[in-house]
Amino acid sequence: MELLRWRVEQPLGAARARTCGHLEPAPAPAARTAGCGACLRSGGSWVNLLLCTSCGEVGCCDSSPGRHAHGHAERTGHPVARTLKAGEVWGWCYVDEVFLVPAH
Ligand SMILES: [Zn+2]
Ligand SMILES: [Zn+2]
Ligand SMILES: [Zn+2]
């Protein structure tokens, strides 16, 4: 199983280093659904998809009407989601509000 290792992306010119307390390498769960789980149930549509790295729930991004990835993080406390956009590898920590990029 793929092991995700993240580091926090430091914005240029930031006064203080950003930190995230959720960087322990963990096995990446498989996506539960091919699209946003909540949108598929409700008939909604999405712009981009994020995968919860805690449980494999797929949710739509904050540019989507449902913002289900955000809702999932708030409801469950699962901190980190990674993009499912082809060719892109980054994550977002909803607790620390930082971008995560691969550590290697
Ligand atoms: Zn964090
Ligand atoms: Zn959705
Ligand atoms: Zn989750």
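Begin by selecting Cys39 and Cys60: both residues are buried, that is, under 20% relative accessible area, where exposed means over 50% and partly exposed in between (1.4 Å probe, protein chains only). The model is predicted, so local features need pLDDT of at least 70 and side-chain atom pairs count only at pLDDT 80 or more, while totals for chains, interfaces and linings use all residues. Residues are numbered from 1 along each chain as its sequence is written, chains are lettered from A and ligands numbered from 1 in the order in which they are written, and side-chain values use heavy atoms, with hydrogens and water left out.

**Zinc ion (ligand 2).** Next, display this ion with Cys36 (SG), Cys39 (SG), Cys60 (SG) and His68 (ND1), which coordinate it at 2.0 to 2.3 Å. Donors are N, O and S atoms within 2.8 Å of the metal (3.2 Å for Na, K and Ca). The arrangement is tetrahedral because the four donor atoms around the zinc ion (ligand 2) subtend angles of 103 to 117°; the term requires all angles to lie between 85 and 135 degrees. Cys39 lies in helix 1 (residues 37-42) and Cys60 in strand 5 (residues 58-60), so that the pair, 21 residues apart, links distant parts of the chain. Helices (H or I, at least four residues) and strands (E, at least two) are DSSP runs, numbered from the N terminus.

**Helix 2.** Move to residues 68-76, where Ala69, His70, His72 and Ala73 are buried. These residues are on the same side of helix 2 because they cover an arc of only 160° around the axis. Select Glu74 and Arg75 to see exposed residues on the other side of helix 2.

**Zinc ion (ligand 1).** Select Cys20 (SG), His22 (ND1), Cys93 (SG) and Asp96 (OD), which coordinate this ion at 1.9 to 2.3 Å. The site is again tetrahedral, with angles of 101 to 115° among the four donor atoms. Along the chain, the donors of the zinc ion (ligand 1) follow the spacing C-x1-H-x70-C-x2-D. His22 is partly exposed at a relative accessible area of 26%, and Asp96 is partly exposed at 30%.

**Pockets.** Finally, locate the largest pocket by selecting Leu50, Cys61, Asp62, Trp90 and Phe99, which lie nearest its centre among 13 lining residues. Its space is about 210 Å³. The second largest pocket holds about 180 Å³, and its lining includes His22, Trp6 and Pro79. A pocket is an open set of points on a 1 Å grid over the protein atoms alone, where a 1.4 Å probe fits, with protein on both sides within 12 Å along at least five of seven lines; lining residues have an atom within 4 Å of a point.

How values were computed:
Tetrahedral: all angles 85-135°; square planar, octahedral: opposite > 155°, others 65-115°. Points joined across faces, edges and corners; volume = space filled by probe spheres on them. Arc of directions from axis to C-beta.
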